[in-house]
Every structure is written in structure tokens, then in C-alpha cells.
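Have the model open beside the text.

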Amino acid sequence: MLKPQVSATREMLSLDGLWRFALDGPDTGEAWAGPLDTPLEAPVPASYNDVFASQEIRDHVGWVWYQRTARVPRGWDGVKTFIRLDAATHEGRVWINDTLVAEHVGGYLPFGADITPYVTAGDEFRITVAVNNELTFDTIPPGFITTLPDGRRKQGYFHDFYNYAGLARSVWLYSVPFVRIADATVTTTISGTTGVVSYAVETEGEAAVRVTLRDAQGEIAGFADGASGEIRVRHAHLWKPGHGYLYQLGIEAVVGDEVADEYVLPVGVRSVEVRGREFLINGEPFYFTGFGKHEDSAVRGKGHDPAFLVHDFQLLEWMGANSFRTSHYPYAEEVMEFADRHGIVVIDETPAVGLNLRGGGGLSGSLAKATFTPVTVSDGAQAAHAQAIRELIARDKNHPSVVMWSLTNEPASHEPGAREYFEPLVELARELDPSRPMTYANDALAPFDMCQIAELFDVIGLNRYYGWYVGPGDLATAEAAYKAELLGWQAMYHKPLVIMEYGADSVAGLHSVHDVLWTEEFQRDMLAAYHRVHDSIPAVVGEQVWNFADFQTSVGISRVDGNKKGVFTRDRRPKAAAHLLRDRWRSMREL
Ligand code: GCB
């Protein structure tokens, strides 16, 4: 899937801004003919939940409506007009005037439609989008809805972040020629000092394909003809962690002597490989430092915001971090492109979080039931999960920053049925992308001698909280137990281990000279204890702290205004732990 872009043959129009907004009645999400009669306006992109001073809107379970008008640019005659929503969380339906043109389930991946038959260049038209935030056992992530005695519906779920909903990413109108480039896939390898760029292009309509690779100065580095092929670049500039060197692959669909369509794809030449217990980028051992993040900020919820985008990457750089995981869902494509340009390494995760009905990482809902049964996480969820894997790989396959796919976070992988559920999904992902290693984030309930799925993956990701959820406050015991468990994993699997979560909550400004939970010092000291263990276990090839910043969750008796495991506060001010990590990761860079 190609992200829309402006090129010599393509144009785009942003539909971001204020849209009319209303909650749906008790039913439907069915067609809304005509204008939406409402006093409310909602910003796009933004989650709607925290924008209004309304409990009813914040707690709403079901469909909401967004509507606006737009005008097709006069020049878009003789071309195709598409609409694209970068995300609608968790289900979206789109009407152009009164015609339903698109439906999509899955809250963090893009979708759209060819709307050429329904619009006319130069004319105004109405766009209505219905968005549903319900999570069930047939969705990823899963959830369940209960009806209270007074008739209100309540959403339960098994993951530890607030169920923000709405249009949290951009909406676009764009034009493409009738004969067009429909998709392109690029993979790269390195042979000595030569970079090998393999490509495959799909066109819609009969066209010859021509590709030209240019370096960062715009000089031609190679070219090829044909829908698939290879360009060899001698003395290639490599894409490296900390150095996001990008070539530009100009793709042309040619009809006769005319260029019918042009698309320019950034390409980073790099290789990724797991060899024994090592994770290699460009043949060199790589140690991940950084965070699990969230798309989360005050008021916007999960709304994409370029100021937070730039600021968060600045803070990663300030920390000396080289990577992050898109916990626990695919992030906005702008984030992936920024990582490409700035040499930040990404572990790209599907939205499959909370596949664990007995609690585990999810504090907002526990049904204390078996996870993989015909009435809980079963065929419906597995089909939705497969769809999310397909769409994620289709969207992000060309990003050099993405070095590994994470197929799930903290599933109940020790429970019966886990193996049957995951094995086909791992196979599917490998078929779709044989070029990248696969990983998952393992839950503490499924240690090395109980996990049913670890052997399916190339890299084992571990989320551990000794000293916090396990034996809270006792760091000496925590350090010993943590080390013993990691030695167990190392002995049982000849695979790299990446610590994908470790950390403690701390309330910014709370201090003590003693080992006291929730203080900034305890958070810092707990990280330091974990680092001593990491440094003593050769199989550990990375550490990503949970979390980059404090974030909103469903608030119960164990969460005060959200999860406070941030090394930064929600408004991105550093806690004491930030300085410890900064010293460690910056000095690791200098080695
Ligand atoms: C976990 C989850 C993460 C939670 C975290 C916590 O294991 O993966 O989503 O936020 O624990 O702080 O409890």
C-alpha cells in the first residue's frame, strides 16, 4: 500500500480541521442522509474523548458521526479521486453524499476508497464518517461490553491504555492518474560495499515500469526497467542506526512515450539478520536502547501532533536512545517516516494487546477466564489479527527503520490454545515478509519453561516487573530473581533476548532517601538494578524501558490519572530516571 503523495502526476488535499460531530443514538452507524444537525465540532486529527467537557461523550460506547463538506479541485478532471483515512478507531464507515463507499475494522491502520464515480471536479460534496469504539472478542484488541442496570453500556478491555477513539490521524483527498502505480515493494541487502536494492512494482492499467535511484544529493545511483528487478549500488551509503541515509527511488509508469504516473519512494540500504544470539544491522551487532511508547498526550488523546512528534524524537536523541517499539499498535505513518529520516530503529507492533483474560499487563479488566476458548479469543479474533498483520506489513514494509515485527504484546502464551492460535499467524507474517525477524513481548506469567510460543519467533521480547508487580519494593530480591529468569531463557533458547518492558511508576516530584515505591529515586534505582543484570547476560541484546512518558489509562484503584511509568511526565518533563538512562545510553554510544 502506498501512502498518498504529491508528485508530478499526483495531488493531495488535506481534510484535517474541524468537522461537525455527534454521538449516535442507541442503534446504528447506518447511513446518515443529509447534513448532520449538531452544535458540536470536533478536531481532526484528535481522539474525541477528552476534547469535550462531557462525561457522556467521554464514556460513549458505540458509533459517533463526523461530517464536513469538501470541494474537488477543478483540475481533477480526467483523474481518479480517492479518499483516505489514516485511521478510524476502531471501526469506520465512510459516505460520500449519501453513498457508502468504505468500511473498515481495525483502529490503527489506514483505509479509503476510489470515489471518482460519486464526485465531480470543481464541485462540493459531503463526507460523513461513522466511527465505532467497541471492542469485542472478534476485534483486535479484544474487549467486552456490559450493560449496567440503568441501561448504560460500559466497555471493558484487557490492556493498560485508555480506549481513545475517533479520527486521531489525518484524512486526505488525493488524485491519481487512471493508469497508475498501485504498489511497490523494496528490500535491500548488502554485498561487500555494494548495496543491492530489489524492487517489485504493481500497476493498475497497462504500463511499462522504469525506476531511477537517486542519492541524497539527487545524483543518479542506478536505474532499471521492468516491473521487478534489482539495482546494485557500488560503495552504497548505508542506512544506519543514528544515520538515516535515504536514497529516493523514482518509479515511473510509462505508456507509449508518456509518463502516466510517478511515485517517489525513500529507500534506506541496510540489512537485518538474527545470527545465533546476535541481532545484526548491516552485519554489525546491535543493542537496542530506548522505550516502549504510546501515542498519547493531553486533550488530543491519541491524536497525531507534529509538535509532539518532533519533540519526542528530540528527547530520544537527548537520551542517547537508538530505538523504540510502537507499543501497542501501529503508529501514524509520519512517525515511521521521521524514524527513517533520523536513523531511529523501530520494532513495529500489531494492535494485538490484551490477549490475556486473567489480567497480566491489563489492569482495566480481568475476566479471570481462560483466554483461548470458543467463546473468548478464538477464530474471530484470529481473523482480525491476521488482517491487522496483513495491513501492517502492507503499510510499513518499505520503512528501513522497521527492523522487526512484533506480532503481539503479553498474550497468555502459557495457556492451552496459545500455540494453535499463534502458529498460523507467525507463518502468515513470514510469508508476507521473509526479510525481517519476528518477535513478540512475553508476559511474566509465561516464563521460559511454560511459554508455548517462544520457539516460533526469532527474537524473544520480555516484559518484566520484578520489584514492582512481583515483590514490590525489594530491589535485592528483584535483581536476583530477574537474573535467574534471564539465565533460564538464555539456557533454554539460543536466541537473542530484548527486554521490551521494565520500569516502575513514579509520581514526578515525589522523593525519598529510602527505597519507597512511587518515588523518582525508586524508579531510577530499579532501572539501575536491571541494568546490572542486562550487562551480565550475553543473550540480552536490548533494553527498552516502559514507558517513554506517563500516559492515560482507564483509571481504577491502581492508576491515578493514568500509568506513571514514564521516564518523562505526560507533558514530557524528565524525571530522575531520565538522567540515569541518559548517562548509560550515551556512554554506550561512545564505546
Ligand atoms: C505491561 C503491559 C503494558 C502496561 C505495563 C504496566 O506489561 O505490556 O501495556 O502498561 O505492563 O505498566 O503495567
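Start with histidine 104, whose side chain reaches the backbone oxygen of glycine 106 at 3.3 Å. Keep in mind that this is a predicted model. Histidine 104 belongs to strand β8, which covers residues 99–105. Is histidine 104 buried or exposed? Its relative accessible area is 9%, so histidine 104 is buried. The cut-off for that word is under 20% relative accessible area.

Arginine 464 is another charged residue to look at. Where does arginine 464 lie? Look in the loop between β30 (459–463) and α6 (475–492). Its relative accessibility is 1%, so arginine 464 counts as buried. The side chain of arginine 464 makes a polar contact with the side chain of glutamate 485, at 2.8 Å.

Now turn to the ligand. How many residues surround the ligand? There are 14, and the closest are Asp160, His328, Glu410, Tyr469 and Lys565. By class, this shell holds four nonpolar, five polar and five charged residues. Several side chains come within polar-contact distance of ligand oxygen. For glutamate 410, a polar side-chain atom lies 2.4 Å from an oxygen atom of the ligand. For histidine 328, an N or O atom of the side chain is 2.7 Å from a ligand oxygen. For asparagine 563, the corresponding distance to an oxygen atom of the ligand is 2.8 Å. How much of the ligand does the protein cover? On its own, the ligand has 320 Å² of accessible area, and the protein covers 98% of that.

Next come the nonpolar cores. In soluble globular proteins, nonpolar side chains tend to be buried together. Here the largest nonpolar core has 88 residues. Within this core, the residues with the most contacts are Phe291, Phe313, Met319, Tyr421, Trp489 and Leu581. Which element gives the most to this core? Helix α5, residues 418–432, does, with seven residues. The core also draws on two domains: domain 1 (11–176) and domain 3 (273–590) each supply at least three residues.

Threonine 194 and valine 233 are 39 residues apart in sequence. In space, their C-alpha atoms are 5.4 Å apart. Threonine 194 lies in strand β16, residues 194–204. Because its relative accessibility is 15%, threonine 194 counts as buried. Now take valine 131 and arginine 277. They are 146 residues apart in sequence, and 44 Å apart in space from C-alpha to C-alpha. Valine 131 is found in strand β10. With a relative accessible area of 1%, valine 131 is buried.

Finish with the backbone. Proline 45 sits in the loop between β3 (40–44) and β4 (46–47). The peptide bond from isoleucine 140 to proline 141 is cis too, with omega near 0°. Proline 141 is found in the loop between β10 (124–132) and β11 (143–147).

Asparagine 282 is not a glycine, and its phi is positive, near 55°. This residue, asparagine 282, is in the loop between β23 (278–281) and β24 (284–285). At 16% relative accessibility, asparagine 282 counts as buried. Tryptophan 518 is not a glycine either, and has a positive phi of about 80°. Tryptophan 518 lies in the loop between β31 (497–501) and α7 (520–534). Is tryptophan 518 buried or partly exposed? Its relative accessibility is 30%, so tryptophan 518 counts as partly exposed.

Terms used. Residues are numbered from 1 along each chain as its sequence is written. This is a predicted model: local features need pLDDT of at least 70, side-chain atom pairs count only at pLDDT 80 or more; totals for chains, interfaces and linings use all residues. Side-chain values use heavy atoms; hydrogens and water are left out. A residue is near a molecule or strand if one of its heavy atoms lies within 4 Å of it. A polar contact is a pair of N or O atoms within 3.5 Å; within protein, one must be able to donate a hydrogen and the other to accept it, and residues adjacent in sequence count only if both atoms are side-chain atoms. Accessible areas come from the Shrake-Rupley method with a 1.4 Å probe; for residues, only the protein chains shown count as cover. A nonpolar core is a set of buried Ala, Val, Leu, Ile, Met, Phe, Trp, Tyr and Cys residues joined through side-chain atoms within 4.5 Å. Buried means under 20% relative accessible area, exposed over 50%, partly exposed in between (1.4 Å probe, protein chains only). Helices (H or I, at least four residues) and strands (E, at least two) are DSSP runs, numbered from the N terminus. Domain bounds come from an automatic or database domain assignment.
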